[in-house]
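Please read the following report alongside the sequence and the coordinates, which are shown first.

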Amino acid sequence: MNDNHDTLLKQLQDPLTKHTAFAQLVELYQKRLYLHIRTIVLNHDDTDDVLQETFIKIYQNIDSFKGESQLFSWMYRIATNQSLDFLKAKAKKNKISNQEINEIIIQDLQQDEYFDYSNASILLQKAVNALPEKQQLVFKMKYFQDMDYQSMSDILQTSVGALKASYHHAVKKIEHFLKDH
Amino acid sequence: MQKDPFNNNQPFKMPSQEYFDDFSKRLLNKIEQDQNVQKPTIVKLKTKRKYYYMGIAASILLVLALQIIQLSNSKNAFSNDELQDYIQYDTHLGLSTEFINSFDQEDILELEKNIRINNQELNDYVLTNLDLEYYLID
């Protein structure tokens, strides 16, 4: 798989093969990145926008990718930053906080055909939304996407120990939230 | 990241394959369009930028040159008072006693011959410029 990635990366960085290799990259990773972005921005239409922006950024910056981290981690990092920036811009545009904008989106999830709707799932989304931004990210990547700590460490550029502590705090806070509601 | 990230805790469902096929098409079209639009613009911006930097460099040189000229002019320019003081107190230029004593009668006659004095002009100068009262009192 790593050899395949190396070959793909070389093709992506070669102007002659870049476009074809990029189409292959999109095919390989669009579903995973879709779910990652979706767990952060919550809304399908917003996810579509952010996913497109993420791939455009990947296409524009692939030439400067030095291979210091795995290609997948690098792409995830771009997707995460794009998602967080999108939420901040949306909240700013509506002159409300990130948390408030997420509350509105969570209310709309009832009508979302791609959301596994139940009272419990909505309550869990509300509990996650009450967490600080970093803990939200860690919880979403670990709990919803079942990502291992090492991959999370590569993407978020935070130590595994700090991520474990962050996830532990997030779980405790969510338990308290669920007891109170 | 080889592990399948999709598990039972994930509340969001994956959209259909049609959605992703459509997404890929839209994305690749957009990238192609952006590239077509950007190509000539990049060349234009670079050219503009080159002239922009050249303009700034020329302006800086012009300002420096003007300042240097102004500085050298101001250094050479003496006021009348400064010039007068310089001549009066500088023994090299002033009429020293030695210099005056070295003048004999012949030299004075030679000097008088060389200086053509217009009497009318001299009278006009004395009447308009000299404070006669000062000399009369003294």
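## The interface between chain A and chain B

In this predicted model, the contact draws on 36 residues from chain A and 26 residues from chain B. Together the two chains bury about 3,400 Å², and 61% of that area is on carbon and sulfur atoms. The polar side of the interface is described by nine residue pairs in polar contact, counted where both residues have pLDDT 80 or more, and by one salt bridge across the interface.

On the chain A side, at least two residues each come from helix 2 (18-41), helix 3 (44-61), helix 7 (133-144) and helix 8 (149-156). Helix 2 of chain A gives the most to this side, with 12 residues. When the residues of chain A that touch chain B are sorted by type, 19 are nonpolar, nine are polar and eight are charged.

Side chains of opposite charge can pair when their charged atoms come close.

What is the relative accessibility of A:Asp48, and is the residue buried or exposed? A:Asp48 has a value of 10%, and because the cut-off for buried is under 20%, A:Asp48 counts as buried. B:Arg26, with a relative accessible area of 30%, is instead partly exposed.

## Salt bridges within the chains

Over all chains, the search of the whole structure finds eight salt bridges. One of them is formed by A:Arg38 and A:Asp112, whose closest N and O atoms are 2.3 Å apart. A:Arg38 belongs to helix 2 of chain A, whereas A:Asp112 sits in the loop between helix 5 (98-108) and helix 6 (119-129), so this pair ties together parts of chain A that are 74 residues apart in sequence. Both partners are buried, A:Arg38 at 0% relative accessibility and A:Asp112 at 16%.

In chain B, the side chains of B:Lys30 and B:Asp34 form a salt bridge with an N to O distance of 3.8 Å. These two residues both lie in helix 1 of chain B and are four residues apart, which is about one turn of the helix. B:Lys30 is partly exposed at 27% relative accessibility, and B:Asp34 is likewise partly exposed at 25%. Elsewhere, salt bridges that share partners join A:Asp48, B:Asp22 and B:Arg26 into one network.

## A:Thr39 and its surroundings

A:Thr39 lies in helix 2 of chain A and is buried, with a relative accessible area of 0%. Which residues does A:Thr39 contact, leaving aside its neighbours within four places in sequence? In chain A they are A:Lys140, A:Phe144 and A:Gln145, and in chain B they are B:Gln10 and B:Phe12.

The side chain of A:Thr39 takes part in two kinds of polar pairing that can be described separately. With A:Gln145, the pairing is between side chains, and the polar contact is 3.1 Å.

Definitions and conventions. Residues are numbered from 1 along each chain as its sequence is written. Chains are lettered from A and ligands numbered from 1 in the order in which they are written. This is a predicted model: local features need pLDDT of at least 70, side-chain atom pairs count only at pLDDT 80 or more; totals for chains, interfaces and linings use all residues. Side-chain values use heavy atoms; hydrogens and water are left out. Contact means heavy atoms within 4.5 Å. Buried area is the accessible area (1.4 Å probe) that two parts lose on being put together, summed over both. A salt bridge is a side-chain nitrogen of Lys or Arg within 4 Å of a carboxyl oxygen of Asp or Glu. A polar contact is a pair of N or O atoms within 3.5 Å; within protein, one must be able to donate a hydrogen and the other to accept it, and residues adjacent in sequence count only if both atoms are side-chain atoms. Ala, Val, Leu, Ile, Met, Phe, Trp, Tyr, Cys and Pro count as nonpolar, Asp, Glu, Lys and Arg as charged, and the others, Gly among them, as polar. Buried means under 20% relative accessible area, exposed over 50%, partly exposed in between (1.4 Å probe, protein chains only).
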